[in-house]
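Here are my notes on this one, as promised. Have a look at the model first, then go through the points in any order you like.

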Amino acid sequence: IMNIEKNTVVELDYKLMDEDGQVWESSAEGGPWVYLHGYGEVMPGLEKELTGKAIGQKVKVELPPNEAYGEYEDDLRTEVPREAFAEVENLCEGMRLAAESSDGVHAVVVREIHDDKVVIDANHPLAGQTGKVEVKILSVRKAEDDEVAHGHVHQHGKCGE
């Protein structure tokens with residue numbers, strides 16, 4: 001039986017919750033989560049907990065911000081002129097938008113709306129919070145050389161393509 005270690009590809013059923021136990025994301029919606037272990041693709045605290053585990057095992061962890069989505073960073077809150085959102089219909093507080101910046105596209109949350117400006121927040125919505133994660137290990141395999149070289153999983157087609 002293969003255990004999870006660096007350079008293994010792991011498939012998980014997962015449920016990600018905030019401090020209050022509200023489900024934030026889960027494999028029930030998006031299907032199992034497949035990742036290459038040992039490359040920081042999952043929250044640091046979860047990667048540590050999964051090391052050494054095998055198929056069928058379940059892990060439940062509560063992770064402080066530094067082991068989950070990081071601390072809340074005030075400088076990721078910015079004011080933007082209201083007209084920048086002229087195209088957005090029904091702009092409201094709490095709305096999640098994709099914002100483009102010089103280094104790519106980021107998810108931002110609209111925090112405040114004023115007559116002339118809008119405050120947006122690029123922190124992960126769970127930044128600064130304890131995250132709760134429940135996972136069940138569905139499969140573990142040795143990563144292929146090119147996956148290790150690239151530091152991520154290559155998804156293959158079905159039926160041996």
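1. Asn90 sits in the loop that runs between strand E5 (77-81) and strand E6 (96-101). Keep in mind that this is a predicted model. The backbone at Asn90 has a positive phi, about 50°, even though the residue is not a glycine. Is Asn90 buried or exposed? Its relative accessible area comes out at 66%, and since anything over 50% counts as exposed, Asn90 is exposed.

2. Asn7 is another non-glycine residue with a positive phi, here about 70°. You'll find Asn7 in the segment before strand E1 (8-17). Its relative accessibility is 24%, so Asn7 goes down as partly exposed.

3. Lys6 lies over the face of Tyr39, and the distance to the ring centre is 4.7 Å.

4. On to the aromatics. The structure has 2 aromatic pairs. In one of them, the ring centres of Trp33 and Tyr35 are 6.3 Å apart with the planes at 50°, so this pair is classed as tilted. The cut-offs behind that are under 30 degrees for stacked and over 60 for edge-to-face.

5. Trp33, at 25%, is partly exposed; the limit for buried is under 20%.

6. Now the packing. As background, nonpolar side chains in soluble globular proteins tend to be buried together. Which members of the largest nonpolar core touch the most other members? They are Leu46, Leu50, Val133 and Val135, out of 18 residues in that core. At least two residues of this core come from each of E1, helix H2 (44-50), strand E4 (58-63) and strand E9 (131-142). A separate core of 9 residues lies apart from it, with Val80, Leu97, Val110 and Ile120 among its members.

7. Val133 deserves a click in the viewer. Leaving aside residues up to four places away in sequence, Val133 touches Lys15, Leu16, Met43, Leu46, Val59, Lys60, Val61 and Leu63. One of these contacts, Leu46, is itself listed with Val133 among the core residues that touch the most other members.

Technical notes:
Residues are numbered from 1 along each chain as its sequence is written. This is a predicted model: local features need pLDDT of at least 70, side-chain atom pairs count only at pLDDT 80 or more; totals for chains, interfaces and linings use all residues. Side-chain values use heavy atoms; hydrogens and water are left out. Rings of Phe, Tyr and Trp (its six-membered ring) pair if their centres lie within 6.5 Å; planes under 30 degrees apart count as stacked, over 60 as edge-to-face and the rest as tilted. Buried means under 20% relative accessible area, exposed over 50%, partly exposed in between (1.4 Å probe, protein chains only). A charge sits over a ring if NZ of Lys or CZ of Arg is within 6 Å of the ring centre and within 35 degrees of the ring normal. Helices (H or I, at least four residues) and strands (E, at least two) are DSSP runs, numbered from the N terminus. A nonpolar core is a set of buried Ala, Val, Leu, Ile, Met, Phe, Trp, Tyr and Cys residues joined through side-chain atoms within 4.5 Å. Contact means heavy atoms within 4.5 Å.
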